[in-house]
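Me: I would like to learn how to read the side-chain and strand features of a model carefully, one kind at a time. Could we begin once the structure is in view?

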Amino acid sequence: MNYAELFQCLHQHDVRYLICGGLALNLHGVPRMTADVDIILDLHSENLKKFETCASKLNYKLTIPVKFGDVADDEKRKELIQSKNLIALSFYNYDKNFLVLDVLIDFPIAFDEMWGQKAIRNNGGSEIYLVSIDHLIKLKEYSNRIQDQQDIYFLSKIKNAK
């Protein structure tokens, strides 16, 4: 799975994002198979427009018929979460036929708090941003699926080893 082009585009357009799923686990040192990239965006309109520019440039398209910009509005986002039971909006890359990008819209921690404590990794000359181990644990606790419970166990071991 090669997402280097995606992260390079996000970096070039100054998109405020944080990797938060299985890829974040891998980058923090927990080996886990994942078929997609999960990110959290700063949900301000300007940042969402920058993200949409990257998504369009790389041929990522929303997989369901919603207006992506609606997630900037708290009420519209809550409506998507409650009425459609959405926790993320998926983007699919029709050129590559296998690249899936999920943008979380339901998360329990303020983006600015997570951004202030983000971890940074180098990706071929550009930075990539991921949630801290502490915030990743909180996100996993919030989701609370069986896989999340296992992820919390391994993240806690890594955190305690530091």
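**Reading the features in turn**

Me: Is phenylalanine 7 buried or exposed?

Reply: Phenylalanine 7 is buried, at a relative accessible area of 4%, where buried means under 20%, exposed means over 50% and partly exposed covers the range in between, with a 1.4 Å probe and protein chains only. Tyrosine 17 is likewise buried, its relative accessible area being 0%. Before going further, note that this is a predicted model, in which local features need pLDDT of at least 70 and side-chain atom pairs count only at pLDDT 80 or more, whereas totals for chains, interfaces and linings use all residues. Residues are numbered from 1 along each chain as its sequence is written, and side-chain values use heavy atoms, with hydrogens and water left out.

Me: How many aromatic pairs does a search of the whole structure find, and how should I read one?

Reply: A pair of aromatic rings is described by the distance of the centres and the angle of the planes. Rings of Phe, Tyr and Trp (the six-membered ring of the last) pair if their centres lie within 6.5 Å, and planes under 30 degrees apart count as stacked, over 60 as edge-to-face and the rest as tilted. By that rule, searching the whole structure gives eight aromatic pairs. In one of these, phenylalanine 7 and tyrosine 17 are stacked, with 5.9 Å from centre to centre and 20° between the planes. Because phenylalanine 7 belongs to helix H1 (residues 4-12) and tyrosine 17 to strand E1 (residues 17-19), the pair ties together parts ten residues apart in sequence; here helices (H or I, at least four residues) and strands (E, at least two) are DSSP runs numbered from the N terminus.

Me: Which aromatic pair is edge-to-face?

Reply: Tryptophan 115 and tyrosine 129 form an edge-to-face pair, 5.1 Å centre to centre with 65° between the planes. This pair links distant parts of the chain, since tryptophan 115 is in helix H5 (residues 111-116) and tyrosine 129, 14 residues apart from it, is in strand E7 (residues 126-130). Tryptophan 115 is buried at 17% relative accessible area, and tyrosine 129 is buried at 11%. Ring pairs join Phe7, Tyr17, Phe111, Trp115 and Tyr129 into a cluster.

Me: Which residue places its charged end over the ring of tyrosine 129?

Reply: A charge sits over a ring if NZ of Lys or CZ of Arg is within 6 Å of the ring centre and within 35 degrees of the ring normal. The charged end of lysine 118 is over the ring of tyrosine 129, 5.6 Å from its centre, and lysine 118 also lies over the face of tryptophan 115, at 4.0 Å from that ring centre.

Me: How many salt bridges does a search of the whole structure find?

Reply: Side chains of opposite charge can pair when their charged atoms come close. With a salt bridge defined as a side-chain nitrogen of Lys or Arg within 4 Å of a carboxyl oxygen of Asp or Glu, the search of the whole structure finds ten. One of them joins aspartate 42 to arginine 16, whose closest N and O atoms are 2.8 Å apart. Aspartate 42 lies in the loop between strand E2 (37-41) and helix H3 (45-57), and arginine 16 in the loop between H1 and E1, so this bridge ties together parts that are 26 residues apart in sequence. Aspartate 42 is buried at 7% relative accessibility, whereas arginine 16 is partly exposed at 24%.

Me: How far apart in helix H3 are lysine 50 and glutamate 46?

Reply: They are four residues apart, about one turn of the helix, and lysine 50 forms a salt bridge with glutamate 46, at 3.8 Å between the closest N and O atoms. Lysine 50 is partly exposed at 25% relative accessibility, while glutamate 46 is exposed at 59%.

Me: What covers the faces of E2?

Reply: In a regular strand the side chains alternate between the two faces of the sheet. In E2, Val37, Ile39 and Leu41 on one side and Asp38 and Ile40 on the other are all buried, and both faces are covered. Five of the five residues of E2 are buried, so this strand is largely enclosed by the rest of the structure. Two strands pair if DSSP finds at least two bridges between them: E1 and E2 pair in the antiparallel sense over three bridges, whereas E2 and strand E5 (residues 100-104) pair in the parallel sense over four. Isoleucine 19 has isoleucine 39 in E2 as its bridge partner, and aspartate 38 stands opposite aspartate 102 in E5.
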